[in-house]
Amino acid sequence: MDKAQILIASNRGPVSFSTTADGSLEHRRGGGGLVSGMISVATGIDSLWVCAALSDSDRRAAGEAPGARLDRTHDLGGMSVHMLDIPADVLTGAYTDVSNSTLWFVQHMMYDTPNKPSFGSRFREQWGHYRAYNEAFADALVAGAAVNARVAVQDLHLALVPHILRNRRPDLRIAHFSHTPWAPPEYFRMLPSQVARELLEGMLGADHLGFLSPRWADAFLRCCAEILRADVDLERRTVEHGGRVIEVGVHALGADEDLLRESAAEPAVAERRRTLLDLVGDTRLIVRVDRTELSKNIVRGLEAYRELLTARPEWRGRVTHLAFAYPSRGDVPEYRAYTESVLRTAKEINEEFATAEWTPVILEVDDDYPRSLASFQLADVLLVNPIRDGMNLVAKEGPVLSERDCALVLSREAGAADELGDAALLVDPYDTLDTAEALHTALTMPEEERRKRRERLAEAAVALPPRRWFEDQLRSLG
């Protein structure tokens with residue numbers, strides 16, 4: 001089969017598999033605007049998507065396909081996909097232990113530092129798995145790439161891939177994109193020195209590095225200057241290293257308006273909307289939609305709502321907090337404990353304030369995308385208060401679908417604050433009283449101001465939709 005001119009590398013692929021009752025395999029496309037945007041580009045060009053098998057059904061599909069090329073055994077709508085069956089111990093070490101339990105915590109600055117981390121011999125073994133995982137991706141990319149092909153590597157799971165490719169295939173044009181924040185050198189130095197250097201040098205194998213916010217790009221540049229002693233130009237955002245000049249760009253991923261509106265028009269959304277209206281009656285609605293990630297700050301968001309009901313008793317019985325907190329990373333102990341804290345806090349608020357006619361917090365922890373879209377339509381206030389977030393697409397999706405001119409209460413530490421800050425109500429994510437006052441301001445904002453702010457939010461939210469976001473990165477490679 002011909003080699004591809006454009007290659008995408010990501011931990012999670014564009015399709016996932018499940019086993020039906022009769023034992024056959026079926027697949028579905030990955031959800032969300034980002035995957036859809038990348039798929040829309042990938043299906044229109046000579047491309048190959050390399051990803052990892054993340055379930056038993058995925059592994060079976062990869063094993064049954066010649067050369068693990070899923071497009072040879074399944075109709076993928078024109079996509080070519082190479083799904084890697086990574087050994088279980090390597091996948092666990094690289095994905096769960098290093099990417100999710102170490103690098104994610106560093107980049108979000110989320111460690112409880114008196115207790116964690118501790119980088120001993122076990123971590124060195126896990127780091128070996130991370131290296132092996134990146135090598136497996138690099139092997140597949142080298143095998144599948146045409147001469148002078150362009151390669152788009154995604155996220156912290158694959159930070160070493162650019163350097164490996166550069167050594168083995170210097171003809172390739174390589175981009176790497178970081179979907180998380182980037183920690184400043186003062187925090188990034190927490191990693192073992194060799195690991196920190198290896199990560200930075202791994203990414204600097206690329207020709208172009210992309211980040212969601214100027215803050216994250218500049219933090220990466222500072223790490224290169226202070227840890228690698230590389231020649232960095234902060235104004236032009238370039239790094240000179242190993243005799244090459246690497247460009248660092250900012251690509252602020254936006255919402256996919258067409259996909260959102262198409263999804264919101266589905267009958268399931270109208271059904272969820274009716275159910276929600278029956279639950280909340282004629283109360284005003286404060287909505288949040290998040291995964292139960294530590295960075296999303298759900299507990300402090302609930303505590304801010306409790307502050308609102310305490311300091312502003314006039315809102316009791318007149319406002320409802322719809323909190324949708326969907327499961328995330330149940331294999332990481334800190335996440336399981338945090339989910340319990342979310343459930344406990346919501347229960348305490350309801351025990352303190354609920355009446356026979358009114359439930360202050362309606363918390364749902366089962367993933368239901370149509371219900372999320374319905375809640376965006378109905379929200380009077382959208383609460384997005386992460387401690388630290390690469391972008392946060394919810395802050396952009398909500399105003400696009402809003403039918404009530406929702407006000408946005410937004411953490412200044414979300415990447416989205418760069419673009420939405422002028423029209424949102426910005427808050428300190430640690431200050432629950434400040435957030436409570438912002439909720440009150442949002443609920444009492446005059447209609448005309450709400451409308452104007454919501455229009456500005458929606459316009460900024462769709463400025464760089466996923467397809468254009470991805471095409472911009474490919475263009476950066478020439």
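Does A395 count as buried or exposed, and at what relative accessibility? In this predicted model, A395 has a relative accessibility of 0% and therefore counts as buried.

The protein contains 18 helices and 17 strands. Along the principal axes, its C-alpha atoms fill a box of roughly 65 × 55 × 45 Å. The radius of gyration is 23 Å, and this agrees with the value near 23 Å that a compact globule of 478 residues would have. Of the 478 residues, 57% are buried.

A395 belongs to helix α14. When residues up to four places away in sequence are not counted, A395 touches L382, V384, L408, L410, A416 and L420. The C-alpha atom of A395 lies 8.9 Å from that of V409, and these two residues are 14 positions apart in sequence.

The axes of α14, which spans residues 394-401, and α17, which spans residues 447-461, come within 8 Å of each other and cross at roughly 125°. This angle makes α14 oblique to α17. The crossing of the two helices is left-handed. On the side of α14 the contact is formed by K396, P399 and V400, and on the side of α17 by R454, L457, A458 and A461. Sorted by class, the contact between α14 and α17 comprises five nonpolar and two charged residues, with no polar ones.

The loop between α14 and β16 holds D405, and strand β16 covers residues 407-411. D405 has a phi near 50°, which is a positive value in a residue other than glycine.

A further helix pair is formed by α3, residues 88-107, and α4, residues 121-144. The axes of α3 and α4 are 8 Å apart, and the helices pack at an angle of about 110°. The two helices are therefore roughly perpendicular to each other, since angles of 65 to 115 degrees fall in that class. As for handedness, α3 and α4 cross in a left-handed manner. From α3, the residues in contact are D89, V90, L91, G93, A94, D97, V98, S99, T102 and L103. Their partners in α4 are R122, F123, Q126, W127, H129, Y130, A132 and Y133. The contact of α3 with α4 is made up of 10 nonpolar, five polar and three charged residues.

The loop between α3 and α4 includes P117. The peptide bond leading from K116 to P117 is cis, and its omega is near 0°.

D155 is another residue with a positive phi, with a value near 80°, and D155 is not a glycine. This residue sits in the loop that runs between β6 (145-154) and α5 (161-168). The relative accessibility of D155 is 14%, so D155 counts as buried, the limit for this class being under 20%. Apart from neighbours within four places in sequence, D155 is in contact with H176, F177, S178, H179 and T180.

S18 is located in strand β2, which comprises residues 15-19. With a relative accessibility of 30%, S18 counts as partly exposed. Setting aside residues up to four places away in sequence, S18 touches S24, L25, E26 and S57. S18 and R60 are 42 residues apart along the chain, and their C-alpha atoms are separated by 9.6 Å.

Notes
Residues numbered from 1 in each chain as written. Predicted model: local features only at pLDDT ≥ 70, side-chain atom pairs only at ≥ 80, totals over all residues. Heavy atoms only, no water. Axes fitted to C-alpha atoms, helices over the stretch in contact; angles between N-to-C directions. Helix = DSSP H or I, 4+ residues; strand = E, 2+ residues; numbered from the N terminus. Parallel < 35°, antiparallel > 145°, perpendicular 65-115°, else oblique. Left-handed = near helix turned anticlockwise from the far one by under 90°. Contact = heavy atoms within 4.5 Å. Nonpolar A, V, L, I, M, F, W, Y, C, P; charged D, E, K, R; others polar. Rg over C-alpha atoms; globule rule 2.2 N^0.38 Å. Buried < 20%, exposed > 50% of the residue type's maximum accessible area, 1.4 Å probe, protein only.
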